[in-house]
Amino acid sequence: MSSRDMVMTLIPFVIICLIVAGIAGSCAFRPGGPSVGEIPRYDAQLALSSQAKKVAFPLRLPATPEGWTTNSGGTVEIANTDGGVAVNLGYVTDRTTFLQITQSGISADMLQQFTASGSRNITGEEVIGDQVWAVFSDADAETLWVAQLPNSSVSITGSGSPEEFSALATAFSQAQPLPTS
């Protein structure tokens, strides 16, 4: 079979694939480039209220700063911690950057290693209210803030600005632990 014959055989196949993809809605032609879609919403109140009854550490639901959307969340088991879990909430800010807050009953050092997928060096600290946050900044990774609380630890990571990190840390420090019963 010649190369021309092979190309001619593939043309109907490519056309069929494009038609199926168009019908399925898995691709679109946008001459002006991609557009920003609607941000998914996550019911953090419902999720954290449920989780507060299941985990062995206090959970807090920070008030969402003006213009921010809670768009994701979940619970993850942390390896090598004898059943330790992390509870995550993700936010899209009013500038469309992303921040994630993670709460756990493990130590702040262990949470830092879990969140950053390894150990990192502290590059500074931020004091928000009575809480001291260790700051980990690295040109090759997202910024990470970690704080040790009396019965838990918390981290914030993402692509947000220092002001956005501070806003989320402030909202977290003002939040009261959720009921456990």
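Q: Hi! In what order do the elements of the protein run from the N terminus on?
A: Starting at the N terminus, the order is α-α-β-β-β-α-β-β-β-β-α. This is a predicted model, where local features need pLDDT of at least 70 and side-chain atom pairs count only at pLDDT 80 or more, while totals for chains, interfaces and linings use all residues. Residues are numbered from 1 along each chain as its sequence is written, and side-chain values use heavy atoms, leaving out hydrogens and water.
Q: How many helices and strands are there in the protein?
A: The protein has four helices and seven strands. Both are DSSP runs numbered from the N terminus: helices are H or I with at least four residues, strands are E with at least two.
Q: What about the inside: how many residues has the largest nonpolar core?
A: That core has 26 residues, and L59, I101, W133, W145 and I156 have the most contacts inside it. A nonpolar core is a set of buried Ala, Val, Leu, Ile, Met, Phe, Trp, Tyr and Cys residues joined through side-chain atoms within 4.5 Å. Buried means under 20% relative accessible area with a 1.4 Å probe, counting protein chains only.
Q: Which element gives the most to this core?
A: α4 does, with four residues.
Q: And which residues is I156 in contact with, leaving aside its neighbours within four places in sequence?
A: Among them are L99, I101, W133, W145, F165 and L168; contact means heavy atoms within 4.5 Å.
Q: New topic: what share of the protein is buried?
A: Buried residues make up 37% of its 181 residues.

Definitions and conventions: Buried means under 20% relative accessible area, exposed over 50%, partly exposed in between (1.4 Å probe, protein chains only).
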